Amino acid sequence: MDQVELEAWPEFDEDARTLLESAGDVIHPGTGELLWDAGEAYDFYLVLAGGVHLVDGRDNRVSFVVEAGDFVGELGMLMGQPAFLGGVATAETTLLRVPVKELQRLMATSTELSDVLLTAFDARRRLLTRLGEGGLVLAGDDDRDMHRLQEFAERNHVPYRTVLRSDPSAWNELAATSSLPPTGSAVVAGRGRVLTRPTTRELAAAVGLDLSGLPERTRCDLLIVGAGPAGLASAVYGASEGLDVIVVEDVALGGQAGTSSRIENYLGFPRGVAGGELARSAMLQAVKFGAQLASPRRVTGLSRHPDGFQVRLDDHNDVAARAVVVASGVLYRRLEIPGVAEFEGRGVYYAATELEARACVGQNVVVVGGANSAGQAALFLAQHVEQVHVLIRRSDLAETMSSYLARRLAHHDRITVHPRSHLTSATGESVSPRSPGEMSAGGEEVRLEAGGLFLMIGAVPRTAWLRDAGVELDPKGFVTTRDTFATSVAGVFAVGDVRAGSVKRVASAVGEGSVVVSAVHAYLGGR
Ligand SMILES: Cc1cc2nc3c(=O)[nH]c(=O)nc-3n(C[C@H](O)[C@H](O)[C@H](O)COP(=O)(O)OP(=O)(O)OC[C@H]3O[C@@H](n4cnc5c(N)ncnc54)[C@H](O)[C@@H]3O)c2cc1C
């Protein structure tokens with residue numbers, strides 16, 4: 001057993017057992033009895049005798065066996081996500097069943113129980129992700145649509161497996177139990193339910209990662225727009241200090257930081273930390289304190305409400321919030337040059353994570369940009385690809401990149417920096433993301449053959465949704481703030497990259513997200 005497996009199956013001490021017994025009831029299910037089905041919400045079960053089989057609904061294959069002394073549960077349980085796998089009792093089974101609400105109450109009162117459960121739930125999610133278990137299968141061709149679905153699953157830490165038409169034996173095996181479409185993408189969720197060409201929202205709904213479980217009109221103390229480092233920090237501090245918090249995230253938890261392969265300048269991580277890892281831990285912390293996360297949902301408008309604010313979501317549902325923290329960050333600029341739009345998601349990328357690196361293994365790639373994000377992307381990609389070409393407009397990296405990164409790029413034998421260069425066009429020779437494209441760099445008129453083009457050329461604030469809300473923006477669209485991150489509208493605060501004059505670092509976003517909570521308390525207390 002490795003470390004993750006050990007953490008996934010801990011033992012409870014007497015105190016923890018007594019606590020669980022105080023909140024649960026003992027049941028004796030029959031042999032083969034279905035305790036819950038894949039796709040349903042489920043309770044926490046401690047196995048006292050016998051066992052529970054965790055079953056993949058597609059083909060009734062037993063993925064895991066939970067034996068006496070172990071317990072059933074996974075991270076999604078705390079987030080209101082439906083089960084990835086169904087649960088079936090084995091012979092002569094006795095279980096202690098604890099409803100999730102009761103479990104959350106116990107975790108809030110006992111640090112020991114909370115530590116054991118959170119560590120185990122987190123380790124189980126990592127195990128499921130590593131094994132590709134979890135009942136969610138993404139099926140189709142290796143194209144832009146597949147990349148969109150994989151990106152959503154990866155960035156939201158949802159375990160999944162990919163089955164491609166180009167692998168006939170895997171395709172036929174899946175087709176034997178699920179009715180797959182002849183063309184296009186499909187998602188096979190619990191119990192073989194097939195969604196054909198699903199939107200990201202439909203995929204989110206299938207794994208329970210959205211607000212649909214809430215009543216149509218919801219209210220909360222604090223609504224946070226965006227789950228990047230600033231928003232997640234506000235959620236952790238807000239929820240841990242007693243506020244009823246909802247975080248609405250358009251794309252994936254972690255924001256820009258979630259797409260960073262390695263953040264090396266965040267305090268306390270001398271060996272660096274992968275952005276996805278930081279985002280996962282922050283999510284765990286926010287959930288532990290009871291914050292409600294909703295993704296993918298975009299906030300489209302903000303207006304006054306008798307109790308505070310009315311926040312409009314892109315599905316036209318409204319949430320009433322007594323205060324609002326804007327943490328919507330920035331979005332990477334797109335290059336308006338021939339070829340780029342056509343190849344987005346299948347050769348042209350705005351992030352360099354494992355997913356994109358896998359698509360470019362053994363090929364040359366081009367990274368455009370001279371800031372830290374471009375430097376990190378180049379170093380990360382150099383571990384997977386043949387050669388990385390970095391195009392920068394200036395004559396060197398000194399003015400735009402941290403010196404530790406610039407030095408590493410300069411001395412890396414698989415990275416070439418092309419100064420005073422810019423991209424003029426991108427041409428692909430076929431629709432396959434693995435086929436080489438030709439990119440010409442202006443100035444020196446270099447033609448580069450590459451399997452991937454990574455664009456990291458600055459960012460614009462995500463504030464269009466604020467324009468009718470009366471919140472003051474600067475000429476570039478960033479939110480102007482005064483002391484304690486207050487905006488021009490009392491009760492609306494702004495933190496992180498979206499704020500005019502912000503430092504554009506993970507640490508500052510986290511710092512601002514935590515500090516703003518005391519200002520929110522003061523505002524709510526004064527009303
Ligand atoms: C590749 C890369 C590498 C980086 N490396 C480093 C590094 O090493 N060190 C460092 O300090 N910094 C680094 N940064 C910068 C750092 O990630 C950012 O400064 C930080 O993420 C800002 O956090 P934020 O929460 O303010 O905004 P963001 O991270 O931009 O998060 C904002 C979130 O809000 C969501 N959102 C936007 N609009 C809406 C809406 N209307 N409704 C709902 N949700 C919405 C977005 O989807 C996003 O998830 C890097 C950035 C990138 C892209």
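Where is serine 110 found?

Author: Serine 110 is found in the loop between helix H4 (100-109) and helix H5 (111-131); helices (H or I, at least four residues) and strands (E, at least two) are DSSP runs numbered from the N terminus. The model is predicted, so that local features need pLDDT of at least 70 and side-chain atom pairs count only at pLDDT 80 or more, while totals for chains, interfaces and linings use all residues. Residues are numbered from 1 along each chain as its sequence is written, and side-chain values use heavy atoms, with hydrogens and water left out.

Serine 110 counts as buried because its relative accessibility is 11% (buried is under 20% relative accessible area, exposed over 50%, partly exposed in between, with a 1.4 Å probe and protein chains only). A polar atom of the serine 110 side chain lies 3.0 Å from the backbone nitrogen of leucine 113. A polar contact is a pair of N or O atoms within 3.5 Å; within protein, one must be able to donate a hydrogen and the other to accept it, and residues adjacent in sequence count only if both atoms are side-chain atoms.

Glutamate 11 lies in the loop between helix H1 (3-8) and helix H2 (14-23), and at 72% relative accessibility it counts as exposed. Glutamate 11 is 138 residues from leucine 149 in sequence, and their C-alpha atoms are 36 Å apart in space.

Leucine 455, in strand S27, has 0% relative accessibility and therefore counts as buried. Beyond its neighbours within four places in sequence, leucine 455 is in contact with Tyr332, Leu335, Val340, Val348, Tyr349, Tyr350, Val368 and Leu423 (contact means heavy atoms within 4.5 Å). Tyrosine 332 is 123 residues away from leucine 455 along the chain, yet their C-alpha atoms are separated by 8.1 Å.

Strand S27 (452-455) is also among the elements that cover the buried residues of H12, along with helix H11 (354-359), strand S21 (364-368), strand S22 (387-391), helix H13 (403-410) and strand S23 (415-418). In helix H12 (residues 372-382), 10 of the 11 residues are buried, including Asn372, Gln376, Leu379, Phe380 and Leu381.

Aromatic rings are considered next. Rings of Phe, Tyr and Trp (its six-membered ring) pair if their centres lie within 6.5 Å; planes under 30 degrees apart count as stacked, over 60 as edge-to-face and the rest as tilted. The count by this rule is eight aromatic pairs. Tryptophan 36 and tyrosine 45 have ring centres 5.6 Å apart and planes at 10°, so this pair is stacked. Both tryptophan 36 and tyrosine 45 are buried. Phe12, Phe44, Phe71 and Phe121 form one aromatic cluster. Arginine 124 lies over the face of tryptophan 9, 4.2 Å from the ring centre (a charge sits over a ring if NZ of Lys or CZ of Arg is within 6 Å of the ring centre and within 35 degrees of the ring normal). Arginine 334 likewise lies over the face of tyrosine 350, at 4.6 Å from the ring centre.

Buried residues make up 56% of the 527 residues.
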